[in-house]
Amino acid sequence: MRVAIAGGTSATLGSSIVSALLATDGRYTPVILSRETTISKKQSLAQNGVEVRYVDYHSQTSLVAALKGIDTVISVLLIPGPEWVTVQLNLLHAAEAAGCRRFAPSEFALTSSAQSMVDILDAKNKVWEVVQTSVNQHRIDAARFPCGMFMNYLGIGCPDSGRRKDALAGFQEGPFLIHFENPESPWVEVPLRSDQTFSRLTMTDIRDIGRFIVAALDITEPWAGRELGMVGDTLSFEDLISICQKYVERPIEIRPLTESALQTKLLTIPQSEFIARMECQLAIVCARDMSVVPPTLNELSSVQPTTVAEYMRHYWGPERYQG
Ligand SMILES: NC(=O)c1ccc[n+]([C@@H]2O[C@H](COP(=O)([O-])OP(=O)(O)OC[C@H]3O[C@@H](n4cnc5c(N)ncnc54)[C@H](OP(=O)(O)O)[C@@H]3O)[C@@H](O)[C@H]2O)c1
């Protein structure tokens, strides 16, 4: 069964999903959709035996041709601005026209209600509304896959440079809430719930996401427009900090954030600073305890994902813990 991964060239989710599909010994065959025209990137993927099909996301003809013989389309695209919605809807409609059976838009974040509180993530909800209409009209089957925060944020600052690369699993963004990048002064911003207790969050290792996607492909009944949440670990900031403190040498400074302080800060951030606004809005989501993803797909699969304790021991612990 051929599975197309739109944006499958990415070092993070693309690599995770392609590797997991390749590990099924031919049950699923990955096909990467890419705008990439430079030979070198395509060649390195082709060396792994992975087919790469060139697409123009603005041409229905190009997309439909590229989706010939594809059963399921998984999008891991990330495109700044309104293009993200347009491109994914073009992909959806091309998948319908090409007769694909299943479609998953580029989600891999939070639940729809949490995303509606974050300007930039609301684009995912806009795409999902249209996907749901397609599901309801039986034009295609679909699911959305929330996973919480990538656990690999914990790899930023990992002291062993040899293991840091593995810990990050291709992740290249800067720190958010958890700041271990300076070993002399580690600190964590903790969004507080309205009763002033520490909020909780879901974290999933990028590498487990590919394994969860394979588990979702294995589901024989229709995805039926469900939110199939995947969870590596869900824990309170208290527990997160106490696990991390075993490995981070200096005392971790806790910087509490109340929702009212976050709301005041949000008013000062201009609309143009979309990353700063996203981070502030995500912290508000946490403060409302909405950064927790229900483990729906965990319950439907046998995937044993990495927990935060395992992740920290493996990447931050003494060498003997590796393996
Ligand atoms: N939960 C979390 O903590 C977390 C963190 C970061 C990201 N995410 C989510 O994970 C998903 C993937 O993010 P990512 O950081 O892995 O993505 P990424 O690597 O930045 O991009 C994925 C792919 O999108 C394609 N792409 C980039 N710009 C494009 C454009 N203008 N038009 C068409 N295609 C374009 C590229 O493929 P080609 O160049 O080959 O076409 C690229 O390999 C997103 O849904 C994002 O929101 C979640």
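This is a predicted model: local features need pLDDT of at least 70, side-chain atom pairs count only at pLDDT 80 or more; totals for chains, interfaces and linings use all residues.
**Entry 1: salt bridge total**

I looked up the salt bridges first. The structure holds 17 of them. I then went through some of the pairs one by one.

**Entry 2: R101 and D71**

I checked the contact between the side chains of R101 and D71, and they form a salt bridge with an N to O distance of 2.9 Å. R101 sits in the loop between α4 (83–97) and β5 (102–104), while D71 sits in the loop between α3 (60–66) and β4 (72–75), so this pair ties together parts that are 30 residues apart in sequence. I also looked up the accessibility of both partners. R101 has 37% relative accessibility and counts as partly exposed. D71 has 14% and counts as buried, because the cut-off for buried is under 20%.

**Entry 3: D141 and R102**

I moved on to D141 and R102, whose side chains meet in a salt bridge at 3.4 Å, N to O. D141 belongs to strand β6 (residues 141–144) and R102 to strand β5, and the pair links distant parts of the chain, 39 residues apart. Are the two partners buried or exposed? I found D141 buried, with a relative accessible area of 12%. R102 is buried too, at 0% relative accessibility.

**Entry 4: D205 and R207**

I noted another salt bridge between the side chains of D205 and R207, with 3.3 Å from N to O. D205 is buried, its relative accessible area being 3%. For R207 I read 29% relative accessibility, so R207 counts as partly exposed.

**Entry 5: a network**

I asked which residues are linked in a network of salt bridges. I found E107, R144 and E227 linked in this way.

**Entry 6: the second largest pocket**

I turned from the salt bridges to a pocket. The second largest pocket contains about 230 Å³ of space. I counted 15 lining residues, and those closest to the centre of the pocket are G157, P159, P183, E249 and W316. I then sorted the lining by class: 8 residues are nonpolar, 2 are polar and 5 are charged.

**Entry 7: recap**

For later reference, I set the looked-up pairs side by side.

| Pair | N to O distance | Accessibility |
|---|---|---|
| D141 and R102 | 3.4 Å | D141 buried, R102 buried |

How values were computed: Residues are numbered from 1 along each chain as its sequence is written. Side-chain values use heavy atoms; hydrogens and water are left out. On a 1 Å grid over the protein atoms alone, a cavity is a set of points where a 1.4 Å probe fits but cannot get out, and a pocket is an open set with protein on both sides within 12 Å along at least five of seven lines; lining residues have an atom within 4 Å of a point. Grid points are joined across faces, edges and corners, and a volume is the space filled by probe spheres set on the points. Ala, Val, Leu, Ile, Met, Phe, Trp, Tyr, Cys and Pro count as nonpolar, Asp, Glu, Lys and Arg as charged, and the others, Gly among them, as polar. A salt bridge is a side-chain nitrogen of Lys or Arg within 4 Å of a carboxyl oxygen of Asp or Glu. Helices (H or I, at least four residues) and strands (E, at least two) are DSSP runs, numbered from the N terminus. Buried means under 20% relative accessible area, exposed over 50%, partly exposed in between (1.4 Å probe, protein chains only).
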